[in-house]
Every structure is written in C-alpha cells, then in structure tokens.
Amino acid sequence: MADKSRTPMRRKERKGKESSEMTKDAKEVKTEGERAVDNGEVPAEAAASSGAGANDQNGDFQVEPMELPPFEIIAGDRIDPFAFKFQFKNVEYSSGRNKTFLCYLVDKGNTADGLLRGYLEDEHSGSHAEEAFFIQCLPHCDPALKYTVTWYVSSSPCSACAAKIAEVLKARKNVKLSIFAARLFEWEDTEIQAGLKALHAAGCKLRVMKPLDFSYTWDTFVESEEQPLNLWEDCKENYEYYHEKLADIIQ
C-alpha cells in the first residue's frame with residue numbers, strides 16, 4: 001500500500017443517498033459471465049420497499065412493520081465462504097461490493113433466550129441491512145432488559161442509516177450497540193462523516209475490524225467447515241489505514 005498520509009483511496013464504493021427511502025445503488029453488478037471472478041460472489045438485484053420509524057404516545061420509538069418482497073433482505077445463520085471472502089475484504093478498490101452483509105449478536109442479559117445470532121444481507125434495491133435489523137431482528141425492546149448488540153458489517157453505514165440508528169439508540173436507552181466495520185464507506189464524504197459522528201454521539205461504539213475480528217467472524221458466521229481463514233496479505237495494513245481515518249472523523 002502507498003503512503004497513507006498522502007495517497008487517497010484509489011476508488012470508493014458507491015451507495016445511494018436517498019434518505020427518504022434508504023435505497024442503495026445496484027451499480028457494478030457482475031454479469032453471469034463474470035460470476036467465476038471474485039470467488040464466485042455476485043451481487044443481485046431485487047425489488048424496492050422501505051419502512052420508517054415513529055414515536056408512539058409514550059415517546060418510545062416504534063418501528064413500523066414493512067412488507068419485504070422476495071430476496072430483498074436475505075437472512076440466515078451462516079454466510080457462504082466465498083461471499084464472505086469477497087464482501088468483507090478490507091480492500092481499497094471495492095468494485096462489485098455493492099451490498100451490505102451484517103452479522104449480529106444480541107445479548108438480552110439474564111434471560112433464558114441466550115444469544116441471538118445470525119446475519120442479514122441486503123440487495124441494495126430496497127431496505128438496508130442496518131434498518132432491516134431493527135425491523136426483523138429487534139422490532140420490540142423490553143424496557144426491563146438491557147440489550148447488548150454487536151454488529152460485524154462489510155462496510156460502515158451510509159448517512160441515512162447512521163441517522164436512523166442514532167435515532168433508535170436515543171429512543172431505546174437500554175440498547176447498547178457496537179459496530180465493527182471491515183471498510184469505511186465513502187469516508188471522505190461530509191455527510192458520511194456527520195453520520196458517523198452522530199452515531200458516536202448517540203453512544204454507538206464504532207470500530208474497524210482487526211485481523212482477529214475477521215477470523216472471529218469467519219468462525220462464528222461462515223460455513224467454514226472448521227477450516228481456518230487465510231487472511232489476505234494487506235489485511236493488517238488496510239485495517240491500520242481505516243482505523244486512522246475513523247479516529248480522525250469521530251475524535
């Protein structure tokens with residue numbers, strides 16, 4: 001990698017910024033003939049739909065129900081290993097990585113439920129995985145419980161998602177969220193930076209994934225068949241680059 005203090009990212013990801021419907025671009029989608037490239041992982045297109053939140057009479061934040069068309073949000077227990085290696089790779093050049101993978105852990109404290117674990121994958125034609133989490137995985141919160149939520153995401157939230165997450169955290173004081181991101185999405189954009197600062201101010205712990213975090217996510221959320229993850233050569237160097245940029249933004 002070139003000198004990080006002077007050399008910008010060669011090419012940034014592109015997400016849509018339509019905050020009203022929280023849609024993402026489906027740019028750079030691979031053709032069928034290119035599916036063998038990039039470890040066989042190819043983003044898909046899907047129909048669009050959106051959901052919004054509102055405050056009830058007691059002032060508690062409520063997520064309105066949303067009908068999701070087929071394949072808009074993919075939910076599951078473990079990720080395909082080829083998809084993980086492509087989507088979570090913390091590279092500078094991120095062509096084709098036009099969707100978000102969100103792996104989550106939810107600890108409700110001293111309950112018999114145990115850890116809630118899984119992943120969400122969006123198709124960037126409708127709702128984002130970050131918004132879908134609060135609609136599908138954590139639509140309601142028991143005020144008597146304390147929720148510790150951890151996300152491992154392929155890229156940090158867009159400005160619209162950051163604003164939505166900050167709103168939820170301000171309304172649900174008993175929810176503590178930590179976000180570990182493989183890459184920083186369009187970190188040079190002023191709106192993105194403002195969104196990350198708003199998340200930090202709302203109490204969200206923002207981190208860049210270290211090499212050990214990639215290995216942990218691989219073991220916990222990927223169909224690895226107990227095979228270890230062979231980290232790419234510049235994984236640590238790219239982590240240090242993104243870590244430095246995030247520190248500059250939120251401090």
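The structure is a predicted model, in which local features need pLDDT of at least 70 and side-chain atom pairs count only at pLDDT 80 or more, while totals for chains, interfaces and linings use all residues. Residues are numbered from 1 along each chain as its sequence is written, and side-chain values use heavy atoms, with hydrogens and water left out.

The protein holds six helices and eight strands; these are DSSP runs numbered from the N terminus, with helices (H or I) of at least four residues and strands (E) of at least two. From the N terminus on, their order is β-β-β-α-β-β-α-β-α-β-α-β-α-α. Of the contacts (heavy atoms within 4.5 Å) with a separation of 6 or more, 76% join residues 24 or more positions apart.

In soluble globular proteins, nonpolar side chains tend to be buried together. A nonpolar core is here a set of buried Ala, Val, Leu, Ile, Met, Phe, Trp, Tyr and Cys residues joined through side-chain atoms within 4.5 Å. The largest such core has 44 residues, and Phe133, Val149, Trp151 and Ile179 have the most contacts inside it. Among the elements that give two or more residues to this core are strand E6 (147–153), helix H3 (159–171) and strand E7 (175–181). H3 supplies the largest share, seven residues. Apart from this core lies another, of 19 residues, including Phe84, Phe180, Phe214 and Leu229. As for Val149, its partners include Leu105, Phe133, Leu138 and Leu177, not counting residues up to four places away in sequence.

Helix H4 can be followed from end to end. Asp189 caps its N-terminal end, with a side-chain oxygen 2.7 Å from the backbone nitrogen of Glu191. The buried residues of H4 are Ile192, Gly195, Leu196 and Leu199. Seen down the axis of H4, these fall within an arc of 95°, so they line one face of the helix; the arc is that of the directions from the helix axis to the C-beta atoms. Their cover includes H3, E7, E8 and H6, whereas Thr190 and Ala201, on the other side of H4, are exposed. Just after H4, Gly203 takes a positive phi of about 100°.

Turning to the cysteines, Cys137 counts as buried at 17% relative accessibility, and Cys141 is buried with a relative accessible area of 19%. A search of the whole structure finds zero disulfides, a disulfide being a pair of cysteine sulfur atoms within 2.5 Å.

Terms used. Buried < 20%, exposed > 50% of the residue type's maximum accessible area, 1.4 Å probe, protein only. Polar contact = N/O pair within 3.5 Å; in protein donor to acceptor, adjacent residues only side chain to side chain.
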